[in-house]
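Me: I would like a close look at a single part of this model, with the cut-offs stated as you go. Please give one connected account.

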Amino acid sequence: MAKPIIAITGPEKGAFGPRFLVALAVRLYGGQPLQLRPSQKPADNRFDGVVVTGGHDIDPVLYAAQPEVEPRYDAARDKLEMAVIDLALTKGLPILGICRGAQLMNVYRGGTLYQELHGQREKTSHRWTILPLKTLCVHPKTWLAEFMGSQTARINSLHNQAINETGAGFKVSGTDLDGIVQAIEDPEYGFLIGVQWHPEFLLFLKKQRQLFKALIAATANKLN
């Protein structure tokens with residue numbers, strides 16, 4: 001049986017570490033990674049599932065908002081990933097969004113973002129860390145709860161923006177101790193999950209690997 005091809009999106013240059021680790025996780029569970037960059041056309045490539053990775057902030061023009069912070073945008077990447085999301089949703093392909101990827105999935109469906117999180121935090125630190133030093137509160141009766149197998153998990157934090165209003169069809173499936181959205185999913189779609197943290201940096205934890213395992217399993221099931 002052919003291995004499911006998983007498109008991994010990202011910037012034109014850089015982000016070698018996250019790309020490598022996502023590809024490693026995809027291979028670990030029987031998938032074949034396909035790296036997509038802004039210079040490529042998604043429609044020219046065949047893929048069976050998608051991982052939209054993390055990176056720079058999303059241009060607020062995409063959710064009809066004025067910039068509130070000093071911009072660090074990548075318009076070419078926004079264009080690529082919106083096209084990939086559109087193509088994948090049209091075909092019903094499984095999608096996992098990581099950090100920026102989760103935010104962009106939400107924006108695609110009409111959701112909005114907090115552009116700056118300092119004012120939203122009371123119980124949690126705004127410190128960035130790739131280590132699992134923050135607490136994820138997993139909402140019951142969600143796909144995330146099924147994958148994680150527990151009510152809480154340890155996660156990292158490399159973001160200064162987050163989901164505010166959820167887009168059409170999404171429900172919140174995980175929050176942090178301040179109630180900031182850490183995971184969204186569409187229970188009617190099949191496999192459409194976005195997580196605010198970076199599981200690719202936490203592959204030594206079984207709970208984090210489960211996200212990639214579930215993605216590959218969902219993709220393989222659609223191919224059978």
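Which residue follows helix 3, and is its phi positive or negative?

Reply: Gly110 follows helix 3, and its phi is positive, near 90°. Helices (H or I, at least four residues) and strands (E, at least two) are DSSP runs, numbered from the N terminus. The model is predicted, so local features need pLDDT of at least 70 and side-chain atom pairs count only at pLDDT 80 or more, while totals for chains, interfaces and linings use all residues. Residues are numbered from 1 along each chain as its sequence is written, and side-chain values use heavy atoms, with hydrogens and water left out.

Helix 3 spans residues 100-108, and eight of its nine residues are buried, so the helix is largely enclosed by the rest of the structure. Buried means under 20% relative accessible area, exposed over 50%, and partly exposed in between (1.4 Å probe, protein chains only). The buried residues of helix 3 are Arg100, Gly101, Ala102, Gln103, Leu104, Met105, Asn106 and Val107. Cys99 is also buried, with a relative accessible area of 3%.

Arg100 has a relative accessibility of 1% and its side chain meets that of Glu81 in a salt bridge, 3.0 Å from N to O. Glu81 lies in helix 2 (residues 75-91) and Arg100 in helix 3, so the pair ties together parts that are 19 residues apart in sequence. A salt bridge here is a side-chain nitrogen of Lys or Arg within 4 Å of a carboxyl oxygen of Asp or Glu. Glu81 is buried too, at 0% relative accessibility. Salt bridges with shared partners join Arg77, Asp78, Glu81 and Arg100 into one network.

The side chain of Arg109 meets that of Asp186 at 2.7 Å, N to O. At 7% relative accessibility, Asp186 counts as buried.

Buried residues make up 52% of its 224 residues. Of the contacts (heavy atoms within 4.5 Å) with a separation of 6 or more, 70% are between residues 24 or more positions apart. The salt-bridge count for the model is five.
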